[in-house]
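Me: I would like to go through the labels used for this model and see what each one rests on. Please set the value against the cut-off each time.

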Amino acid sequence: MFILVFYYIQKKIGIKQLFLIIVFLALLITFTDQITNLFKNAFQRLRPCNDPEIKNVIRIVIERESPSFFSGHAANSMASTFFIYLIIKKYYNHTYLLFLFPLIFAYSRIYLGLHFPLDILSGYVFGLMTGFCFYKLYNYFYFKYNFQKVFKKTRSKD
């Protein structure tokens, strides 16, 4: 799926701008992941698979010992999806379909017994905020350092 999305981004905006987007995505995921770990270590909330009150009531597929709140997978998937969505929504119709990725991904975390729904929702909210902030940061660098002129000049030579 990522290769297909990157292909469509490259098709509309060029390989050099795609490289800039990938750099920002790497920074975004690193930032989101590290903040998620800070929250998990601060709250120390048990995962559903480890919670003695519900452990025997739910079906457990995978067990993990790390804390649960909030979901790093939900935060990372929503942040990266929202970041990409904000960039390509003007080029393609139906870009909202990209949000199926974090929905399916988050459902799998609940299904596996690794997160409570509140973990997922909190991860989504954090991911939306982070994706939006990194989109603004991306635009700042893109326009501040005149990347749009550099990319358009090289794109016209292709």
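Reply: A nonpolar core is a set of buried Ala, Val, Leu, Ile, Met, Phe, Trp, Tyr and Cys residues joined through side-chain atoms within 4.5 Å. This is a predicted model, in which local features need pLDDT of at least 70 and side-chain atom pairs count only at pLDDT 80 or more, while totals for chains, interfaces and linings use all residues. Residues are numbered from 1 along each chain as its sequence is written, and side-chain values use heavy atoms, with hydrogens and water left out.

Me: Which residues have the most contacts inside the largest nonpolar core?

Reply: They are Ile9, Ile21, Phe83, Ile84, Ile87 and Tyr138, in a core of 28 residues. At least two residues each come from helix H1 (2-13), helix H2 (15-43), helix H3 (72-88) and H5; helices are DSSP runs of H or I, at least four residues, numbered from the N terminus. H3 gives the largest share, 10 residues.

Me: What is Ile84 in contact with, leaving aside its neighbours within four places in sequence?

Reply: Contact means heavy atoms within 4.5 Å. On that basis the partners of Ile84 are Val5, Ile9, Ile21, Leu25 and Leu98.

Me: Why is Thr130 called buried?

Reply: Buried means under 20% relative accessible area, exposed over 50%, and partly exposed in between, with a 1.4 Å probe and protein chains only. Thr130 has 4%, which is under 20%, so Thr130 is buried. Thr130 is found in helix H5 (residues 117-144). Leaving aside neighbours within four places in sequence, Thr130 touches Leu28, Phe31, Thr32 and Ala79.

Me: What makes the pair of Tyr7 and Tyr8 edge-to-face?

Reply: Rings of Phe, Tyr and Trp (its six-membered ring) pair if their centres lie within 6.5 Å; planes under 30 degrees apart count as stacked, over 60 as edge-to-face and the rest as tilted. The count by this rule is 20 aromatic pairs. For Tyr7 and Tyr8 the centres are 5.4 Å apart and the planes are at 65°, so the pair is edge-to-face. Tyr7, at 45% relative accessibility, counts as partly exposed, and so does Tyr8 at 34%.

Me: Why is the pair of Phe82 and Tyr85 called stacked?

Reply: Their ring centres are 6.4 Å apart and the planes are at 15°, so the pair is stacked. Both residues lie in helix H3, three residues apart, about one turn of the helix. Phe82 and Tyr85 are both buried.

Me: How do you know that the charged end of Lys12 sits over the ring of Tyr92?

Reply: The rule asks for NZ of Lys or CZ of Arg within 6 Å of the ring centre and within 35 degrees of the ring normal. The charged end of Lys12 is 5.6 Å from the centre of the Tyr92 ring and counts as sitting over that ring.
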